[in-house]
Structure formats: structure tokens, C-alpha cells
Amino acid sequence: MVKDIVVYPDKRLKMVSDEVTEFNEELHMLLDDMYDTMVKKKGVGLAAIQIGIAKRVLIVNLPEDDGDDVAVNKEDTFEIINPVFTKLEGSCKNQEGCLSVPGFYEDVERAASIVMEYQNRHGEKKVLQNQDFLAIALQHEMDHLNGKVFVEKLSILKRKKFEKEWKKKQK
Ligand code: CO
């Protein structure tokens, strides 16, 4: 089911999300709702708090670009629960956006290479290694679990520019 997105500067985006302890039907419904919402809003990632649920759950789906068609397949979705980075190395800069900050895009510096441990929807432990766009998306979504939005990583100057643009947009 498609849910409403929590939009900046809603205070819920500052919450530190709780560990998931039960891998039950409720969690599976949450994951499915997150997927429906992400696809509907044309995002590539979503954290549970962005639909108002403060749990350490995130999803990422990087659409395959087959020429004109951009295909989104549910089977390609990374469903990540209780993630922990065990390695963050190097650095890179990429333009990021966020469904909770619609219409704003800015370069953000992140680690270039990651290793992440997490659990899947059944509670099975997994390890993922990446040094591509997935690594960036996972760092972005992980920030949401810790109460951070990407605009908070900007330099003071860029942050000021953002706040000004954002205020103008809200009117
Ligand atoms: Co985001």
C-alpha cells in the first residue's frame, strides 16, 4: 500500500530508528508498503522512518536502464534490516536527492567502498560489498536510520542556499 512520505523538516526525520527483533508478517507488510511507496514516488531508496515507522529497515532498488525503458523489478530490491557498516573506505562525490526533500539535489561526499552486514526479511544474516552507486544509496538510507537527512551533510554555504530555496518553495 502506498503511504505518505514524511517531508523535511518533519521532526520524525530526526528520530534514531529501533532495531528490528521480530521478523514477522508486520515486518513483511512494512517492506511491501515501503516498496509500493518508493516505486510510486519514483525513488531508488527508502527508509522506514520516511513513512513514519522508526525501525531499522531500508530498501534500495536501482532500476536497470535498458535504453528507453527503465525497468523496476521487485525481485531486484535490496531489503535491508538492522544494517551495520563493517567497512567504509575512500571517498567520492555524487549528486543526491531524497523523497523527503523533493525537488532538491546536491553533491554529497561519501565513502566510495562499503561492506555492510544486515538481516533479510526472514532474519537471516547477510553481507554485502559494493563500490558503486549502491554503496552511495546505502549510506544515504543508513543516515535516515540515524536521524539524518542528506542536506545536513552539506557545507554551511550550500546548506544556507538550500534553506533559502526550501523556504521559498513552501510558500
Ligand atoms: Co533520503
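C92 stands opposite R110, a residue of strand β7. The model is predicted: local features need pLDDT of at least 70, side-chain atom pairs count only at pLDDT 80 or more, and totals for chains, interfaces and linings use all residues. Residues are numbered from 1 along each chain as its sequence is written, and side-chain values use heavy atoms, with hydrogens and water left out.

**The strand pair**

Strand β6 covers residues 92–96 and is joined to β7 by 5 bridges, the two strands running antiparallel. Two strands pair if DSSP finds at least two bridges between them. Helices (H or I, at least four residues) and strands (E, at least two) are DSSP runs, numbered from the N terminus. In β7, residues 106–110, the side chains alternate between two faces. Buried means under 20% relative accessible area, exposed over 50%, and partly exposed in between, with a 1.4 Å probe and protein chains only.

**The cobalt site**

Which residues coordinate the cobalt ion? They are C98 through SG, H140 through NE2 and H144 through NE2, at 2.1 to 2.2 Å. Donors are N, O and S atoms within 2.8 Å of the metal (3.2 Å for Na, K and Ca); water is not among the atoms, so sites may look incomplete. The spacing of the donor residues in sequence is C-x41-H-x3-H. Helix α2, residues 133–145, holds both H140 and H144, which lie 4 residues apart, about one turn of the helix.

The UniProt annotation "binding site", from an unreviewed entry, covers C98, H140 and H144. These residues span 47 residues in sequence, yet no two of their C-alpha atoms are more than 10.3 Å apart, so they gather at one spot. Of these residues, C98 and H140 are included in the lining of the largest pocket. UniProt positions are given in the numbering used here, feature names are shortened, and annotations may be inferred rather than shown by experiment. On a 1 Å grid over the protein atoms alone, a pocket is an open set of points where a 1.4 Å probe fits, with protein on both sides within 12 Å along at least five of seven lines; lining residues have an atom within 4 Å of a point.

**Surroundings of the histidines**

Contact means heavy atoms within 4.5 Å. Not counting residues up to four places away in sequence, H140 touches E96, G97, C98, R110 and F150. V149 lies in the loop between α2 and α3. Apart from neighbours within four places, the contacts of V149 are Y8, L13, V101 and H144. V149 and I80 are 69 residues apart in sequence and 18 Å apart in space, C-alpha to C-alpha.

The table gives the relative accessible area of some residues in this report.

| Residue | Relative accessible area | State |
|---|---|---|
| H140 | 6% | buried |
| H144 | 1% | buried |
| V149 | 2% | buried |
| Y8 | 11% | buried |
| W166 | 6% | buried |
| K42 | 75% | exposed |
| N82 | 8% | buried |

**Aromatic rings**

How many aromatic pairs does a search of the whole structure find? The search finds 5. One of them is formed by Y8 and W166; the pair is edge-to-face, with 6.2 Å centre to centre and 70° between the planes. This pair links distant parts of the chain, 158 residues apart: Y8 is in the segment before α1 (25–40), and W166 is in helix α3, residues 156–170. Rings of Phe, Tyr and Trp (its six-membered ring) pair if their centres lie within 6.5 Å; planes under 30 degrees apart count as stacked, over 60 as edge-to-face and the rest as tilted. Ring pairs link Y8, F104, F150, F162 and W166 into a cluster.

**Backbone details**

Most residues other than glycine have a negative phi, and most peptide bonds are trans. The peptide bond from Y8 to P9 is cis, with omega near 0°. P9 lies in the segment before α1. K42 is not a glycine, but has a positive phi of about 60°. K42 is found in the loop between α1 and β1 (45–47). N82, also a residue other than glycine, has a positive phi near 50°. N82 is found in strand β5, residues 78–89.
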